Amino acid sequence: MSQVPLTHILVLSTALFFIGMYGLFTRRNLITMLMSVELILNSANINFVAFNRYLYPGKLDGIFFSLFIVAIAAAEAAVAIAIIINLYRNFKSIDVEAADEMKF
Amino acid sequence: MSESPVVFYLLSVVILGAALLAVTSRKIFRSAIWLLFALTGIAGLYFWLQMEFVAAVQIVVYVGGIVVLIIFSIFLTQQSGKDLPAPVRGRAVFSVLAVCAGFVLTCLMITRYAFPNGGNSGMDAVASVGNIGAQLLSTSEHGYVLPFEVISVLLLAAMIGCIVIAMKTKPDNP
């Protein structure tokens with residue numbers, strides 16, 4: 001593990017973040033946008049765990065932050081899917097372009 | 001220890017390839033399965049970093065919970081055999097440009113920054129599940145019991161919110 005520098009792990013998480021960003025920009029379907037958000041949260045998690053492992057090996061704070069992020073991501077996914085299913089019930093579509101009734 | 005970097009780079013290729021396919025695949029069900037592979041690869045990365053508890057949480061919550069929830073909602077909301085519409089060409093081109101610019105900029109910042117060397121001793125004794133649990137629930141100076149309680153209230157609120165949102169409204173007396 002010590003043969004891989006911290007920079008490479010950070011480059012990996014940056015690449016994962018921007019892949020999620022690309023998905024968020026190009027997708028118009030709510031479920032696939034939710035998947036991109038999950039990728040972005042995971043890249044932040046990798047950063048926390050890697051910093052804890054490499055820079056502060058005697059502490060546990062990075063682990064706690066990543067555990068809290070996982071819990072918040074689970075709550076967020078549950079609420080988002082409830083909203084998506086309700087939206088589908090009303091508009092018969094989960095495309096973001098279709099749900100523009102509260103726009104103006 | 002000599003094969004350790006090879007394992008890391010293999011895991012990185014798996015994670016990035018699966019994530020890229022998850023955001024570009026035209027079939028939504030395949031996209032969900034690629035997301036599953038990416039999240040499993042990230043759990044493998046945590047194992048490689050010797051953070052076994054975080055890896056277990058990643059597998060249980062993400063792979064076992066969130067991806068299954070996403071697959072259920074795909075089945076509930078659309079025909080999974082149908083292709084998604086392709087992104088608008090202009091938007092795709094500008095997204096690729098913006099994402100590449102951001103990636104290059106961030107990588108420049110990362111490679112320029114000199115991280116201090118923290119040393120690597122005594123980690124295995126600290127990151128055990130017992131220590132994590134003890135510090136998570138301790139009320140002393142470095143304890144995390146208050147965020148723990150707050151997050152349990154948040155989960156309760158999310159549960160109630162899901163029930164309220166998904167509840168069918170009764171039609172008023174016709």
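This is a predicted model: local features need pLDDT of at least 70, side-chain atom pairs count only at pLDDT 80 or more; totals for chains, interfaces and linings use all residues.
Confidence comes first. The predictor gives the complex an ipTM of 0.90. The pTM is 0.88. For chain B, the mean pLDDT is 86. In that chain, 89% of residues reach 70 or more.

Now chain B on its own. What is its secondary structure? Seven helices and zero strands. Read from the N terminus, the order is α-α-α-α-α-α-α. Chain B has 174 residues, and 20% of them count as buried. Look at contacts with a separation of 6 or more: in chain B, 48% of these join residues 24 or more positions apart.

Chain B is also divided into domains. Domain 1 covers 1-101, and domain 2 covers 126-168. Their centres, taken over C-alpha atoms, are 26 Å apart.

Next, two residues in chain B. Start with B:Ala38, in helix α2 of chain B. Is B:Ala38 buried or exposed? It counts as buried, because it has 28 C-beta neighbours inside 10 Å, and the cut-off for buried is 20 or more. Who are its partners? B:Phe94 is 56 residues away along the chain, and its C-alpha atom is 25 Å from that of B:Ala38.

The second residue is B:Gln50. Find it in the loop between α2 (28-48) and α3 (52-77) of chain B. B:Gln50 has 13 other C-beta atoms within 10 Å, so it is partly exposed.

Over to chain A, and a helix pair. Helix α2 of chain A spans residues 30-54, and helix α3 of chain A spans residues 61-91. Their axes come within 9 Å and cross at roughly 175 degrees. That angle is over 145, so α2(A) is roughly antiparallel to α3(A). Which residues make the contact? From α2(A), they include A:Leu34, A:Leu41, A:Phe48 and A:Val49. From α3(A), they include A:Phe65, A:Ile69, A:Ala73 and A:Ile84. By class, this contact has 15 nonpolar, four polar and two charged residues.

Now the interface. How many residues are involved? In chain A, 59 residues are in contact with 71 residues of chain B. On the chain A side, α1 (6-26), α2 and α3 each supply at least two residues. The most come from α3(A), with 20 residues. By class, the side of chain A that touches chain B has 44 nonpolar, 13 polar and two charged residues.

Stay with α3(A), and look at its packing against chain B. The partner here is helix α7 of chain B, residues 145-166. The axes are 9 Å apart, at an angle of about 10 degrees. That is under 35 degrees, so α3(A) is roughly parallel to α7(B). On the α3(A) side, look for A:Phe68, A:Val79, A:Ile83 and A:Asn86, among others. On the α7(B) side, look for residues including B:Pro147, B:Leu154, B:Cys162 and B:Ile165. By class, the contact of α3(A) with α7(B) has 16 nonpolar, two polar and no charged residues.

To recap: α3(A) is roughly antiparallel to α2(A). It is roughly parallel to α7(B). And α3(A) gives the most to the side of chain A that touches chain B.

Key. Residues are numbered from 1 along each chain as its sequence is written. Chains are lettered from A and ligands numbered from 1 in the order in which they are written. Axes are lines fitted to C-alpha atoms, for helices over the stretch in contact, and angles run from 0 to 180 degrees between N-to-C directions. Helices (H or I, at least four residues) and strands (E, at least two) are DSSP runs, numbered from the N terminus. Angles under 35 degrees count as roughly parallel, over 145 as roughly antiparallel, 65 to 115 as roughly perpendicular and the rest as oblique. Two residues are in contact if their C-beta atoms, placed from the backbone, lie within 7 Å. Ala, Val, Leu, Ile, Met, Phe, Trp, Tyr, Cys and Pro count as nonpolar, Asp, Glu, Lys and Arg as charged, and the others, Gly among them, as polar. Domain bounds come from an automatic or database domain assignment. A residue is buried if 20 or more other C-beta atoms lie within 10 Å of its own, exposed if 12 or fewer, and partly exposed in between; C-beta atoms are placed from the backbone. pLDDT is the predictor's confidence in each residue, from 0 to 100.
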